[in-house]
Amino acid sequence: MAVLPFDIPAELLGQASLGAAWACWLTGLPGRVAEIVAEWELTYDGPPRHGFCALVVPVRTRTGNTTALKVAVPDDESEHEHLALQHWHGNGAVRLLRADPRRRAMLLERLHTEDLTSLRDIEACEVIAGLYTRLHVAAPPQLRSLTSYIDRWREDTEQMSTQAPLPRRLVEQSISLAKDFVADAASVGTLIHGDLHYENVLAGDREPWLAIDPKPMSGDPHYEPAPLLWNRWEEMAGSGDVRGAIRRRFQACVDAAGLDEERARDWVVVRMLNNAMWTITESEALTPDDREWITMCITAAKAVQD
């Protein structure tokens with residue numbers, strides 16, 4: 001086994017509990033990192049960081065440039081990340097310097113650790129809305145379509161909706177909206193980030209804020225705002241006015257990005273019910289955390305419509 005000058009973060013190693021594929025990837029991760037560092041003539045330059053499904057290692061190139069090596073789990077979401085970053089060419093997003101899609105490895109410009117949780121939530125929503133206008137360009141043809149995911153979710157929801165511990169009205173509304181979106185040509189064709197929230201925007205030297213970690217699809221720009229509502233939830237929950245806080249974030253994002261309010265609202269409903277239904281489907285028995293998450297999804301879906 002390769003010896004790295006750092007330990008793989010314990011939180012990332014804990015993902016081995018998610019199944020055999022995860023355990024296999026984690027077992028091979030040290031060797032994969034060492035192999036790529038040697039091949040690309042990189043040197044280690046600090047402790048690693050990680051997300052839910054990737055390791056990011058600060059490195060320097062042979063010429064001394066400060067960069068970051070990202071190695072991700074080989075899943076559908078990471079398959080086309082390099083294509084999105086290539087397509088953006090650093091315009092509003094971290095710059096891609098080199099990629100090996102087979103090994104899910106990318107050499108990226110190095111950004112700072114500061115993210116948008118350092119800003120007031122409304123200000124952060126406006127920053128992200130400004131990034132939308134730069135990231136939402138014509139989608140490369142290789143990307144999976146947003147509607148293919150939504151159609152599959154709709155079918156799963158229809159099969160189990162009567163047993164789901166969710167408000168029947170919201171379930172039926174989300175199924176109807178999903179059908180409409182799948183049939184609508186405007187639901188595809190734009191390169192969307194897919195997971196653009198406060199922690200996926202980092203401070204940089206080249207620009208104040210740059211997007212990272214896309215889950216790219218050929219989709220609809222109006223799909224994007226929902227993560228701004230469920231992230232940093234504890235701030236809204238402690239405000240004494242959850243509904244108002246949700247609506248202020250939503251409105252700030254929609255206004256700053258010039259999105260159609262009704263269409264963005266309908267996508268929030270679809271995404272929130274999708275999140276809730278996925279949790280119910282994947283859980284053998286709902287935990288208190290699961291129930292809290294489901295309640296949050298319902299609250300957000302209602303708040304944008306009240």
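Predicted model: local features only at pLDDT ≥ 70, side-chain atom pairs only at ≥ 80, totals over all residues.
Student: How are two packed helices described?

Tutor: Two packed helices are described by the angle between their axes and by the distance between those axes. Let us begin with helix α11, residues 261-282, and helix α12, residues 288-303. Their axes lie 9 Å apart, and the packing angle is about 165 degrees.

Student: Is α11 roughly parallel or roughly antiparallel to α12?

Tutor: An angle over 145 degrees counts as roughly antiparallel, so α11 is roughly antiparallel to α12. The crossing of these two helices is left-handed.

Student: Which residues of α11 and α12 meet?

Tutor: From α11, the contact includes Val268, Val269, Met272 and Leu273. From α12, the residues are Asp290, Trp293, Ile294, Cys297, Ala300 and Ala301. Sorted by class, the contact of α11 with α12 holds eleven nonpolar, two polar and one charged residues.

Student: At what angle do α6 and α11 pack?

Tutor: Helix α6, residues 146-160, packs with α11 at an angle of about 55 degrees, and the axes are 10 Å apart. The two helices are therefore oblique to each other. The crossing of α6 and α11 is left-handed.

Student: How do α10 and α12 cross?

Tutor: Helix α10 spans residues 242-257, and its axis comes within 9 Å of the axis of α12. The two axes cross at roughly 65 degrees, and the crossing is right-handed. Val242, Arg243, Ile246 and Arg247 of α10 meet Thr299, Ala300 and Ala303 of α12. The residues of this contact divide into four nonpolar, one polar and two charged.

Student: Where do nonpolar side chains tend to be in soluble globular proteins?

Tutor: In soluble globular proteins, nonpolar side chains tend to be buried together. In this model, the largest nonpolar core has 78 residues. Helix α11 supplies the largest share of this core, with ten residues. A second, separate core has 22 residues, including Val33, Val37, Val73 and Leu107.

Student: Which residues have the most contacts inside the largest core?

Tutor: They are Tyr132 and Leu166. Leaving aside neighbours within four places in sequence, Tyr132 is in contact with Leu196, Glu224, Pro225, Leu228, Cys253, Ala257 and Leu259.

Student: Is Ala129 buried or exposed?

Tutor: The general idea is to compare the relative accessible area with a cut-off: buried means under 20%. Ala129 has a relative accessibility of 0% and therefore counts as buried. Ala129 lies in helix α5, residues 121-135.

Student: What does Ala129 touch beyond its neighbours up to four places away in sequence?

Tutor: Ala129 touches Cys253, Ala256 and Ala257. Ala129 and Ala256 stand 127 residues apart along the chain, yet their C-alpha atoms are separated by 5.7 Å.

Student: Where is Arg232, and what is its phi?

Tutor: Arg232 lies in the loop between α8 (227-230) and α9 (233-237). Its phi is near 55 degrees, a positive value in a residue other than glycine. Arg232 counts as buried, at 10% relative accessibility.

Student: Which loop contains Asp213?

Tutor: Asp213 lies in the loop between β9 (209-211) and β10 (217-219). Asp213 has a positive phi of about 55 degrees although it is not a glycine. With a relative accessibility of 21%, Asp213 counts as partly exposed.

Student: Where is His80 placed, and is His80 buried or exposed?

Tutor: His80 is in the loop between α3 (76-79) and α4 (81-88). The relative accessible area of His80 is 10%, so this residue is buried. His80 touches Gln142, Leu143, Arg144 and Pro216, leaving out residues up to four places away in sequence.

Note on methods:
Residues numbered from 1 in each chain as written. Heavy atoms only, no water. Axes fitted to C-alpha atoms, helices over the stretch in contact; angles between N-to-C directions. Helix = DSSP H or I, 4+ residues; strand = E, 2+ residues; numbered from the N terminus. Parallel < 35°, antiparallel > 145°, perpendicular 65-115°, else oblique. Left-handed = near helix turned anticlockwise from the far one by under 90°. Contact = heavy atoms within 4.5 Å. Nonpolar A, V, L, I, M, F, W, Y, C, P; charged D, E, K, R; others polar. Core = buried A, V, L, I, M, F, W, Y, C linked by side-chain atoms within 4.5 Å. Buried < 20%, exposed > 50% of the residue type's maximum accessible area, 1.4 Å probe, protein only.
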